[in-house]
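Please keep the sequence and the 3D view open while reading.

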Amino acid sequence: MNTPIAPSIARGDETYRGIVDQYRPDLAFYESTYRDLHRNPELSQQEQRTSSIAADHLKAIGYCVYERIGGYGLVGVLKNGHGPTVLLRADMDALPVRENTGLDYASKKKMIDSNGTEVPVMHACGHDVHVSCLMGAAKLLHGAKSEWRGTLICLFQPAEELVSGAQAMVDDGLYSKFGIPKPDVVLGQHVFCIYKAGTVALSPGPVMAAVDALKIRVFGKGGHGSMPDICIDPIVIASHIVVRLQTIVSRELQPGKVGVITCGKFQAGTASNIIPDYADLELTIRSYDTTVQKQLLDAIKRTVRAECNASKSPQDPVIENSAHAPATVNSVDQTGLLKTSFADYFADNASAMEPLPGSEDFSVLARAINVPSIFWMLGGCDPVKWDEAKRSGKIGEIPINHSAEFAPVIEPTLRTGVDALAVAALTFLG
């Protein structure tokens with residue numbers, strides 16, 4: 001039976017600060033690790049080198065390490081007497097983006113993706129920050145073993161960008177096959193450059209949207225581009241679908257409800273004078289509650305089928321749900337405890353987090369065993385640049401996650417991330 005989640009000893013600002021300041025490792029090593037990871041990103045399901053770096057570090061400082069869970073997933077376990085079990089999570093994978101930051105440690109790497117295509121690769125979502133921070137926090141909390149009791153789990157997850165890595169680890173027996181204890185609470189963070197480096201942001205309730213990804217193929221009748229009258233053009237059908245989909249949120253969703261439908265990929269044809277036989281669309285759908293999620297998915301399928309029927313498509317469209325992750329919802333009671341800890345430790349550098357339309361599979365790790373979870377934002381924007389953007393009303397122009405110019409400043413981002421993970425763990429450990 002798991003230990004009830006509540007701090008077993010009273011810890012305040014000075015206690016946390018004393019522990020963290022005393023046991024925080026030399027961050028120069030983790031800054032160097034971050035530069036190395038940024039220079040050498042790896043695509044989803046190919047995170048072999050990154051996983052090995054984290055595994056070697058955990059083994060060297062005394063964790064029991066379990067590797068190759070759900071792909072390149074990795075878990076380090078540190079047992080330290082009787083008490084709660086706390087899981088800290090970081091994701092490892094990078095994106096098929098050509099970096100344009102101009103950093104001296106910028107990625108120039110290319111890899112072969114799952115389609116067999118060579119693509120540029122970049123840590124355009126900050127997972128290199130997450131890995132470096134968790135490695136640092138693992139070292140800090142190992143050094144501070146005299147200050148807490150319980151079990152600490154450090155989990156490095158693959159394939160977050162496919163929103164499949166967390167489920168892959170669960171399906172591979174994360175909590176059943178390897179002898180890894182089930183956590184009482186699951187904790188994680190994400191760097192985001194709309195927040196100033198040196199800050200954290202946290203709120204209870206929904207903080208990130210659910211995501212569904214759809215792959216759609218619509219069919220036509222191919223032929224010569226000069227004779228559209230005897231063809232059925234799937235590009236025209238797909239174009240109508242893309243435009244029509246934008247009316248679902250604006251004309252069908254109740255005002256005040258949140259939903260996003262984006263077509264991020266439209267692919268058809270091989271030459272300008274050939275009408276192809278089919279066209280492919282790929283969509284991402286975001287929502288915060290299951291009712292809206294169902295409404296959006298039902299409306300998309302209805303719209304696609306209706307447009308195909310209106311254009312006399314020769315066969316029914318193929319609609320495949322290629323990815324799903326639930327909304328990230330912070331457990332209210334536990335978030336209240338952590339908000340107090342963050343407010344004590346970070347003072348004015350801790351703020352409320354506005355819900356984001358982006359999505360994560362982080363909460364799968366908690367939902368799988370019905371335990372609470374908490375996810376917060378870690379500021380990454382250079383403080384000088386952020387202050388200037390704030391003064392000039394240009395916060396929206398700061399390069400954000402998935403941008404080729406996304407470049408979190410190394411410090412104070414890493415120090416804040418290490419401290420936040422340590423304070424969060426200490427909040428719930430005995």
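The sections below go through aromatic rings, helix packing, selected residues and backbone geometry.

## Basis

The structure is a predicted model.

## Aromatic pairs

The count of aromatic pairs comes to six. In one of them, Phe29 and Tyr30, the ring centres are 4.9 Å apart and the planes stand at 90 degrees, so the pair is edge-to-face. Phe29 is partly exposed, at 46% relative accessibility, whereas Tyr30 is buried, with a relative accessible area of 4%.

Tyr34 and Tyr105 also form an edge-to-face pair, with 5.9 Å from centre to centre and 75 degrees between the planes. Tyr34 belongs to helix 2 (residues 28-39) and Tyr105 to the loop between strand 3 (85-91) and strand 4 (110-112), so this pair ties together parts that are 71 residues apart in sequence. Both Tyr34 and Tyr105 are buried.

## An aromatic cluster and charges over rings

One aromatic cluster is formed by Phe342, Tyr345, Phe346 and Trp376. A charged residue is found at one of these rings: Arg17 lies over the face of Tyr345, at 4.1 Å from the ring centre.

Another such arrangement involves Arg217 and Tyr278. The charged end of Arg217 sits over the ring of Tyr278, 3.8 Å from its centre.

## Helix packing

Two packed helices are described by the angle between their axes and the distance between the axes. For helix 8 (residues 332-346) and helix 11 (residues 413-428), the angle is about 130 degrees and the axes are 10 Å apart. The two helices, helix 8 and helix 11, are therefore oblique to each other, and helix 8 passes helix 11 in a right-handed crossing. On the helix 8 side the residues that meet helix 11 are Gln334, Leu337, Leu338, Ser341, Phe342, Tyr345 and Phe346. Their partners in helix 11 are Thr416, Asp419, Ala420, Val423, Ala424, Thr427 and Phe428.

Helix 6 (residues 234-251) and helix 7 (residues 290-310) pack at an angle of about 145 degrees, and their axes are 9 Å apart. The crossing of helix 6 past helix 7 is right-handed. Helix 6 contributes Ile237, His240, Ile241, Arg244, Leu245, Ile248 and Val249 to the contact. Helix 7 contributes Leu296, Ala299, Ile300, Thr303, Val304, Glu307 and Cys308.

Thr50 is part of helix 3 (residues 48-61) and counts as buried, at 2% relative accessibility. Leaving aside neighbours within four places in sequence, Thr50 is in contact with Leu37, Glu42, Met92 and Val131. Thr85, in strand 3, is buried as well, with a relative accessible area of 9%. With the neighbours within four places again left aside, the contacts of Thr85 are Thr151, Ile153, Pro181, Lys182, Pro183, Asp184 and Val185. The C-alpha atoms of Thr85 and Tyr288 are separated by 29 Å, and the two residues are 203 residues apart along the chain.

Ser373 lies in strand 18 (residues 373-381). Ser373 counts as buried at 6% relative accessibility. Not counting residues up to four places away in sequence, Ser373 touches Val186, Val329, Asn330, Ser331, Phe362, Ser363 and Ala366.

## A loop histidine

His402 is in the loop between helix 10 (383-391) and helix 11 and counts as partly exposed, at 43% relative accessibility. His402 and His123 are 279 residues apart in sequence, with their C-alpha atoms 8.3 Å apart in space. Neighbours within four places in sequence aside, His402 is in contact with Leu95, Val97, Ala124, Cys125 and Glu161.

## Backbone geometry

Most residues other than glycine have a negative phi, and most peptide bonds are trans. The peptide bond from Glu411 to Pro412 is cis, with omega near 10 degrees. Pro412 is placed in the loop between helix 10 and helix 11.

Gln45 is not a glycine, yet has a positive phi of about 70 degrees. Gln45 is in the loop between helix 2 and helix 3 and is exposed, with a relative accessible area of 51%. Ala159 also has a positive phi, of about 55 degrees, although it is not a glycine. Ala159 lies in the loop between strand 6 (150-157) and helix 5 (165-171) and is buried, with a relative accessible area of 3%.

Key: Residues numbered from 1 in each chain as written. Predicted model: local features only at pLDDT ≥ 70, side-chain atom pairs only at ≥ 80, totals over all residues. Heavy atoms only, no water. Phe/Tyr/Trp six-rings, centres within 6.5 Å; stacked < 30°, edge-to-face > 60°. Buried < 20%, exposed > 50% of the residue type's maximum accessible area, 1.4 Å probe, protein only. Helix = DSSP H or I, 4+ residues; strand = E, 2+ residues; numbered from the N terminus. Lys NZ or Arg CZ within 6 Å of the ring centre and 35° of its normal. Axes fitted to C-alpha atoms, helices over the stretch in contact; angles between N-to-C directions. Parallel < 35°, antiparallel > 145°, perpendicular 65-115°, else oblique. Left-handed = near helix turned anticlockwise from the far one by under 90°. Contact = heavy atoms within 4.5 Å.
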